Amino acid sequence: MSVTVVLGTQWGDEGKGKAIDTFAGGFDYVARYNGGNNAGHTIINEFGTFKIHLVPSGIFYPNTKCLIGGGVVIDPGVLIDEMNALRDAGVKLEKRFFISPRAHVIMPYHKILDGLYEEAKGSGATGTTRRGIGPTYADKISYNGLRWSDFTDLDLLSRKLSIQIELKNKIISALGGDPLDFDKVRDEYRRYYAEIRPFIAELFPMVQEGLKSGKKFLLEQAMGTCLDPDWGTYPFVTGSTTLASAATGGLGIPPRAISRVIGVTKVYTTRVGAGPMPTEIHIGSARIPEADQRALDAFREVAATTGRPRRTGWFDAELTAFAAKVNGIAQIFLTKLDVLSDLEEIRVCTGYEINGKRVHYYDVDSYGLESVKPIYRSLRGWKQGIRGIRRYTDLPARARAYVETIEKLIGVPVGWVSNGPERGAVIRKRR
């Protein structure tokens with residue numbers, strides 16, 4: 001069995017789309033097993049630049065079949081727009097893109113409630129993407145969800161939707177929102193279903209037969225390890241399990257079939273939304289060190305899904321080492337090394353302390369993590385461009401030293417180094 005899981009080791013936005021696009025050509029299946037359109041994978045290839053939110057990133061390889069598992073929640077409007085954009089770019093979807101009927105559907109009331117809940121929390125808001133992800137997973141767990149399988153029977157769909165509209169309208173109205181019209185929602189979603197129906201198929205026999213016959217699977221995680229509801233910075237997390245183990249429930253992959261886990265790690269740290277981030281460089285801080293100001297200028301990013309500016313900070317080895325252990329990561333795909341090229345000084349967080357006592361990520365909860373003091377090591381930058389380099393030995397010595405410092409701190413070898421946004425900008429460090 002050959003099943004590789006590719007996942008983020010930080011708070012998302014690590015560059016998973018680039019990693020999966022690099023690997024996918026060598027796999028028979030590429031599959032999503034968690035999350036929804038709160039994830040955004042940016043891919044640059046011969047078809048153009050794409051911000052993929054739901055369709056697996058392997059869709060650009062014509063011999064690869066792409067699956068969306070039952071662990072994913074789907075906004076049909078977003079999915080249809082994405083499918084149409086891919087078709088317009090010349091990407092074929094028919095007979096190679098499949099959606100589980102077990103996948104739950106994001107309904108209009110989920111998105112409305114997501115926003116109303118955030119507004120009601122005021123200063124205690126968790127910073128969700130307001131895409132309805134959390135409320136959809138909440139409905140799934142509380143037996144109130146709608147799955148694609150429910151849409152095959154109009155009477156069943158109408159009964160279930162009627163109950164949910166009546167229930168959700170009471171909550172929406174109580175929170176100051178406008179109630180939804182049952183007929184309008186039902187008719188809109190029936191139209192969505194008509195477009196998506198040709199791609200809905202039970203994935204279990206497909207997956208099982210593929211495993212039995214030795215097909216190669218690449219599993220694509222959404223979000224990042226530290227957004228996991230159990231092991232992340234709860235409550236500032238996402239609605240689905242983000243660990244490698246989630247592939248079992250989210251796609252029907254038996255645990256023993258997973259042969260390799262690759263962790264995607266950015267050479268600095270970013271985060272969108274609220275929650276602790278020990279190495280964050282705070283904009284507007286009094287007397288900000290020159291190294292921090294240069295880093296802020298270099299690290300500036302905008303989230304692919306929300307368009308919100310990402311909070312930025314130095315690489316956090318304590319956080320990443322935890323992610324490597326909890327997922328059983330065998331190799332690291334390191335991204336955006338080129339972004340550091342203009343920095344004279346590069347800082348790396350090697351651990352945390354509180355009141356002079358060393359603590360680990362797992363020793364404290366989210367509120368305790370806000371109080372930790374990062375312990376930094378400074379390295380000298382290489383001060384030269386590295387885009388276009390394709391052999392590891394051709395990188396400047398200080399760039400290699402930075403990569404090897406990360407390896408030692410997190411205890412996992414780096415297998416690949418990305419040094420540019422385009423598909424070919426990947427250095428194979430070790431096999």
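Arginine 130 is partly exposed, with a relative accessible area of 39% (buried means under 20%, exposed over 50% and partly exposed in between, with a 1.4 Å probe and protein chains only). Its side chain meets that of glutamate 119 in a salt bridge, 3.4 Å from N to O, where a salt bridge is a side-chain nitrogen of Lys or Arg within 4 Å of a carboxyl oxygen of Asp or Glu. Arginine 130 sits in the loop between α3 (108-121) and α4 (133-141) and glutamate 119 in helix α3, so the pair ties together parts that are eleven residues apart in sequence. Glutamate 119 itself counts as exposed, at 52% relative accessibility.

This is a predicted model, in which local features need pLDDT of at least 70 and side-chain atom pairs count only at pLDDT 80 or more, while totals for chains, interfaces and linings use all residues. Residues are numbered from 1 along each chain as its sequence is written, and side-chain values use heavy atoms, with hydrogens and water left out.

**More salt bridges**

- Salt bridges with shared partners join Asp183, Arg186 and Asp187 into one network.
- Across the whole structure, a search finds 18 salt bridges.
- Glutamate 14 pairs with lysine 16, and their closest N and O atoms are 2.8 Å apart.
- Both ends of that pair are covered: glutamate 14 counts as buried at 1% relative accessibility, and lysine 16 counts as buried at 3%.
- Arginine 102 forms a salt bridge with glutamate 202, with 3.1 Å between the closest N and O atoms.
- Arginine 102 lies in the loop between β7 (97-99) and β8 (104-105) and glutamate 202 in the loop between α6 (182-196) and α7 (204-212), so this pair ties together parts that are 100 residues apart in sequence.
- Arginine 102 is partly exposed at 44% relative accessibility, and glutamate 202 is partly exposed at 31%.

**Helix α4 and its surroundings**

- The buried residues of α4 are Ile133, Pro135, Thr136, Tyr137 and Asp139.
- These buried residues pack against β6 (73-74), β8, α3 and α5 (154-174).
- After α4 comes tyrosine 143, whose phi is positive, near 70 degrees.

**Threonine 312**

- You will find threonine 312 in strand β12 (residues 311-313), where it counts as buried at 5% relative accessibility.
- Leaving aside neighbours within four places in sequence, threonine 312 is in contact (heavy atoms within 4.5 Å) with Thr269, Thr270, Met277, Thr279, Glu280, Ile281, Leu296 and Phe299.

**The chain as a whole**

- The chain has twelve helices and 19 strands; these are DSSP runs numbered from the N terminus, with helices being H or I of at least four residues and strands E of at least two.
- Its radius of gyration is 22 Å, close to the 22 Å that the globule rule gives for 431 residues, so the chain is as compact as a globular protein of that length; the radius is taken over C-alpha atoms, and the rule is 2.2 Å times the number of residues to the power 0.38.
- Along its principal axes the C-alpha trace spans about 65 × 50 × 40 Å.
- Buried residues make up 56% of the 431 residues.
- Of the contacts with a separation of 6 or more, 76% are between residues 24 or more positions apart.
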